[in-house]
Amino acid sequence: MHPLDPTRRRFLGLCACGAVHLCAPRPAHAGRPLAEPEPETRASNKQTILDLRSQSVQRGWKWIVIHHTASGGASVAGLDAYHRRRFDDELGAEYHFVVNNGVKGPDGAIQLARWRHQVPAMHLFHPERAPESLAIVLVGNFETKGPPSGAQMQALGQLTRTLMAKFEIPSDRVTTHRGVDGRLTQCPGQHFSLEALKKQLL
Ligand SMILES: [Zn+2]
């Protein structure tokens, strides 16, 4: 979730009430195993990864920070338009990469957003704690709706490994929005497991 998002107050208010989460029914897809994206998405991700590996990039990115959109569905075009309007930033989405969830884009699809411009994103309250950070957003709300899909986690692992190798980023510089900003945010939500991601990075 974007740190300057005007819906943040409501979001934090909801998260401040532990009972809400304890009482929330477990979604049907909670805990489902890691699954590959659909063949077409897998082929598209494979090409995206190959392009990333061979792309010449001048900037020395140093951190990878994971977010969720805190919404049901999202597209790159939608995030571009939303952030352009809300934050008066003509470059649009304040995330470098989007990993979609099957609602407004294929489940597990790796999509380029701010990466296209090779400039930093305004995605942290305390950017000085993770300078030169790349922002990856997973579409979904992992605070209230259960964990990311298996296809999303598989794609996130693949993308993160590629970026770590390309920029020599150690795994202790792969973290979450909450890991950087602490109590200021719940992003990417209680059901997102950084541990599960780290296991894929070994
Ligand atoms: Zn966030």
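This is a predicted model: local features need pLDDT of at least 70, side-chain atom pairs count only at pLDDT 80 or more; totals for chains, interfaces and linings use all residues.
Local features need pLDDT of at least 70, side-chain atom pairs count only at pLDDT 80 or more, and totals for chains, interfaces and linings use all residues. Residues are numbered from 1 along each chain as its sequence is written.

**View A. Helix 5 packs against helix 7.** Helices (H or I, at least four residues) and strands (E, at least two) are DSSP runs, numbered from the N terminus. Axes are lines fitted to C-alpha atoms, for helices over the stretch in contact; angles run from 0 to 180 degrees between N-to-C directions. Helix 5 contributes Met153, Leu156, Gly157, Thr160, Arg161 and Met164 to the contact, and helix 7 Ala196, Leu197, Gln200 and Leu201 (C-beta atoms, placed from the backbone, within 7 Å).

**View B. Val98 and its contacts.** Leaving out residues up to four places away in sequence, Val98 touches Val76, Leu79, Gln111, Ala113, Val137 and Val139.

**View C. Arg59 lies in a loop.** This loop runs between helix 3 (39–54) and strand 1 (63–68). Arg59 is exposed, with 11 other C-beta atoms within 10 Å (exposed: 12 or fewer; buried: 20 or more; partly exposed: in between). Arg59 and Val119 are 60 residues apart in sequence, yet their C-alpha atoms are 8.4 Å apart in space.

Note on methods:
Two residues are in contact if their C-beta atoms, placed from the backbone, lie within 7 Å.
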